[in-house]
Amino acid sequence: AERIIIDTDPGQDDAVAILLALASPDDIDVLGITAVAGNVPLELTALNARKICELAGRPDVRVFAGCDRPLRQPLVTAEHVHGKTGLDGPTLPDPTMPLQAGHGVDFIIDTLRTEPAGTVTLCPLGPLTNIATAFERAPDIAARVKRIVLMGGAYFEVGNITPAAEFNIYVDPEAARIVFASRAPLVVMPLDVTHKALVTRPRNAAFRALGTPAGIAVAQMTDFFERFDREKYGSDGAPLHDPCVIAWLLNPALFSGREINVEIETASPLTRGMTVADWWGVTDRPRNALFIGDLDADGFFTLLAERLARL
Ligand code: BDR
Ligand code: CA
């Protein structure tokens with residue numbers, strides 16, 4: 001099984017990603033979950049991560065709180081998308097499982113140092129603050145990472161928080177720059193692909209029809225979360241950004257993309273947080289990421305429903 005650390009700011013789509021991973025224990029071993037400030041402040045993301053583990057029947061998963069603010073700027077949140085709790089939609093009970101005592105960044109460092117090199121995959125689903133802090137504090141660990149599969153950035157789909165930037169990168173561009181320069185193998189799920197993973201009404205109905213607490217909660221979360229994208233983009237449903245990361249691990253053949261150079265803009269106030277993606281290979285800058293552009297949406301939703309049914 002792929003051994004992963006999920007770094008996350010739940011977030012309804014983060015929640016679905018966590019559920020997909022926990023529903024797939026034969027393929028994915030979740031070593032721990034580190035919460036980061038992003039969609040909502042850290043206290044809420046650390047709480048939401050535990051609510052989701054309990055919803056999955058997995059109170060044994062270790063959940064750590066990480067960084068509560070970006071490296072160099074105040075936190076920008078996204079309650080306008082995710083609601084006040086970050087997880088608006090279903091009513092989930094407060095978790096009884098504990099938050100782990102250590103700091104999320106220490107957990108990332110310790111895990112990468114203790115596990116054999118090249119065996120641990122990082123799955124960042126929020127701003128890259130925890131990962132960048134770990135890489136800065138422990139420069140030896142980037143070379144020990146098997147790969148980083150992350151949700152962030154955009155190319156043809158430009159931005160969802162500014163005209164130029166996607167939310168996860170925009171919230172902490174300095175952190176993103178560190179991660180994209182780390183030389184760890186990178187797989188990137190930008191808006192270009194995640195905007196194709198839409199929970200249409202029939203797909204929502206299929207989740208609800210599972211009749212399980214997880215299936216119903218996913219339907220309720222996407223009911224809430226789709227409002228923003230229906231109104232803003234005229235999307236036919238909620239985009240499941242973060243679950244693309246886990247789905248890629250389960251079946252990379254569902255996705256297609258290109259090995260390209262991606263750099264992060266940090267200076268210009270107009271385009272801060274932009275992922276400057278050399279899709280057409282017009283520079284000779286070194287390739288540092290597999291940048292995904294497309295997915296088999298029906299295959300993705302079949303996989304998701306089939307796995308969620310196991311919870
Ligand atoms: C990303 O931002 C968050 O709102 C989502 O959880 C996703 O990780 C999409 O831009
Ligand atoms: Ca997220």
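**Shell of ligand 1**

I began with the shell around ligand 1, to which helix 1 (12-22) and helix 6 each supply at least two residues; helices here are DSSP runs of H or I with at least four residues, strands are E runs of at least two, and both are numbered from the N terminus. The model is predicted, so I kept to its cut-offs: local features need pLDDT of at least 70 and side-chain atom pairs count only at pLDDT 80 or more, while totals for chains, interfaces and linings use all residues. Residues are numbered from 1 along each chain as its sequence is written, and chains are lettered from A and ligands numbered from 1 in the order in which they are written.

I found 15 residues around ligand 1, with Gly-11, Asp-13, Ala-78, Phe-167 and His-241 the closest; a residue is near a molecule if its C-beta atom, placed from the backbone, lies within 6 Å of it. By type I noted five nonpolar, six polar and four charged residues in this shell, where Ala, Val, Leu, Ile, Met, Phe, Trp, Tyr, Cys and Pro count as nonpolar, Asp, Glu, Lys and Arg as charged, and the others, Gly among them, as polar.

**Gly-11 and the cis bond**

Gly-11 sits in the loop between strand 1 (2-8) and helix 1, and I looked up its peptide bond with Pro-10, which is cis with omega of about -10°. I set this beside the general rule that most peptide bonds are trans.

**Helix 1 against helix 11**

I next checked helix 1 against helix 11 (residues 243-250), and recorded a packing angle of about 25° with the axes 7 Å apart; axes are lines fitted to C-alpha atoms, for helices over the stretch in contact, and angles run from 0 to 180 degrees between N-to-C directions. That angle makes helix 1 roughly parallel to helix 11, since angles under 35 degrees count as roughly parallel, over 145 as roughly antiparallel, 65 to 115 as roughly perpendicular and the rest as oblique.

On the helix 1 side I listed Asp-13, Val-16, Ala-17, Leu-20 and Ala-21, which meet Pro-243, Val-245, Ile-246 and Ala-247 of helix 11; contact requires C-beta atoms, placed from the backbone, within 7 Å. The residues of this contact are eight nonpolar, no polar and one charged.

Helix 11 is largely enclosed by the rest of the structure, because seven of its eight residues are buried, namely Pro-243, Cys-244, Val-245, Ile-246, Ala-247, Trp-248 and Leu-249. I used the rule that a residue is buried if 20 or more other C-beta atoms, placed from the backbone, lie within 10 Å of its own, exposed if 12 or fewer, and partly exposed in between.

Helix 7 (residues 173-180) is mostly covered, with six of its eight residues buried: Pro-173, Ala-175, Ala-176, Ile-178, Val-179 and Phe-180. I traced what these pack against, and found helix 5 (129-137), strand 5 (145-151), helix 6 (167-171), strand 6 (186-189), strand 10 (262-264) and strand 12 (289-295).

In the loop between helix 7 and strand 6 I stopped at Arg-183, which has a positive phi of about 70° although it is not a glycine. Arg-183 counts as exposed because it has 11 C-beta neighbours inside 10 Å.

Val-158, in the loop between strand 5 and helix 6, also has a positive phi, near 40°. With 15 C-beta neighbours inside 10 Å, Val-158 counts as partly exposed.

I then looked up Arg-307 in helix 12 (residues 297-308), which is buried with 22 other C-beta atoms within 10 Å. Its C-alpha atom is separated by 8.7 Å from that of Leu-19, 288 residues apart along the chain, and, leaving aside neighbours within four places in sequence, Arg-307 is in contact with Leu-20, Ala-23 and Ser-24.

Thr-34, in strand 2 (residues 28-35), is buried with 32 other C-beta atoms within 10 Å. Not counting residues up to four places away in sequence, I found that Thr-34 touches Ile-5, Asp-7, Phe-64, Gly-66, Gly-104, Phe-107, Ile-108 and Asn-130.

**Whole chain**

Last, I noted twelve helices and twelve strands in the protein chain, with buried residues making up 53% of the 311 residues.

Terms used:
Two residues are in contact if their C-beta atoms, placed from the backbone, lie within 7 Å.
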